[in-house]
Amino acid sequence: MGGLREGGYEYSRTRNPTRTALEECLASLEGGRHALAFPSGMAASDVALRTLLRPGDHIVIPDDAYGGTFRLVDKVLALWGIEHTPVHQADLAAVRAAIRPNTKVIWVETPTNPLLAISDLAGLAVIAAEAGARLVVDNTFATPYLQSPLGLGADVVLHSTTKYLGGHSDVVGGALITSDDELHEQFGFLRNASGSVPGPFDAWLTLRGVKTLAVRMERHSDNAERIVEALLGHPRVERVYYPGLREHPGHEIAAKQMRRFGGMVSFTVAGGEQAALDVTSRTKLFILAESLGGVESLIEHPHKMTHASVAGSELEVPDNLIRLSVGIEDGTDLVQDLLQALA
């Protein structure tokens, strides 16, 4: 009576054996010593930022960050006295110029959501170290199969495990991975204090998804490359965003720090916003939905959907932009579906 249960599992909000199994798996995949699982990617982001920042601190974020991340920083943490600067992080000189004496975090997405810009993680790690700031990398798009930020100097890796790690669009979750013992302890304290934990079944579903991560990421990448090839030169397509393209400004860096280029593709269409909306409404296999990273292919209009929260800000995305999460269906069928929607 009054002692800890076997293995230290006294209360499930604090520790749960299924959640521990997931965390050990995620830490191993990312090459870190520690991982913590969360009920969503945004819950993980919230704990990371509230741990790393205090009123009066400053954070550098991508100039095309995920809309939910921007909303958390701009609408929530700003009320707490946190300052932020959006920067095109592919430009290391611009990042260095954005650093202030009170900069505590450089928050990175690479590839970014939704414009698929690429940042040099090793270069950013140097800048962060010089500034005494923490480098936090959202590795959701790349996954640990394609990219290993901790090995390139990041302090913390974040995932929305809802996406590729879960892989089946049937579970919501997030994760923070680090090799810093003190940071891990601080993250864990705030997670426990705030109750930001996933249930055991969600942890089990994510573990199930991880088992097929490698084969899925290969198929996602295969299909994305076929779709990019079909979109290039199409008369209704103005620009294709994909780091696997040699003309992509971040291609050389992506080729160095990624195994392959992933399953996310974005493109702009001629005719403006309505033309883009029309395309998203005409696909048969691509499902109109905001999420990404599942086995099924999804299509969305960022300006009105995932990135509506950045409208009118420096992070506003083009209104004729379409974002694809390319699934693992037959590649020929997916190409034909997009071509008929563009016709």
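Let's start with helix α12. Among the elements covering its buried residues are α9 (213-231), β8 (237-241), β9 (264-269), α11 (272-282), β11 (298-300) and β12 (321-325). Contact here means heavy atoms within 4.5 Å. Buried means under 20% relative accessible area, exposed over 50%, and partly exposed in between, with a 1.4 Å probe and protein chains only.

Some ground rules. This is a predicted model, where local features need pLDDT of at least 70, side-chain atom pairs count only at pLDDT 80 or more, and totals for chains, interfaces and linings use all residues. Residues are numbered from 1 along each chain as its sequence is written, and side-chain values use heavy atoms, with hydrogens and water left out. Helices (H or I, at least four residues) and strands (E, at least two) are DSSP runs, numbered from the N terminus.

Back to α12. The expected span is 1.5 Å times one less than the number of residues. Which residues of α12 are buried? Gly331, Leu334, Val335, Asp337, Leu338, Ala341 and Leu342. Down the axis of α12 they fall within an arc of 160°, so they line one face. The arc is taken from the directions from the helix axis to the C-beta atoms. At the N-terminal end sits a cap: a side-chain oxygen of Asp330 lies 3.1 Å from the backbone nitrogen of Thr332.

Now one of the covering strands, β12. Five of its five residues are buried. Leu321, Arg323 and Ser325 lie on one side, Ile322 and Leu324 on the other. β12 pairs with β9, antiparallel, over five bridges. Pairing requires that DSSP find at least two bridges between the strands. β12 also pairs with β11, antiparallel, over three bridges. Look at Arg323. Ser266 stands opposite Arg323, and Glu300 has Arg323 as its bridge partner.

Next, helix α7. It has 14 residues, 181-194, and reaches 20 Å, close to the 20 Å expected. Leu183, Phe187, Leu190 and Arg191 are buried. They cover an arc of only 100° around the axis, which puts them on the same side of α7. The face turned away carries exposed Glu182, Glu185, Phe189 and Ala193. Cover for the buried residues of α7 includes α1 (17-30), β1 (34-38), α2 (41-52), β5 (134-138), β6 (156-159) and β7 (174-178).

Finally, the ends of α7. Asp180 caps the N-terminal end, with a side-chain oxygen 3.0 Å from the backbone nitrogen of Glu182. Gly195 follows α7, with a positive phi near 75°.

Terms used: A polar contact is a pair of N or O atoms within 3.5 Å; within protein, one must be able to donate a hydrogen and the other to accept it, and residues adjacent in sequence count only if both atoms are side-chain atoms.
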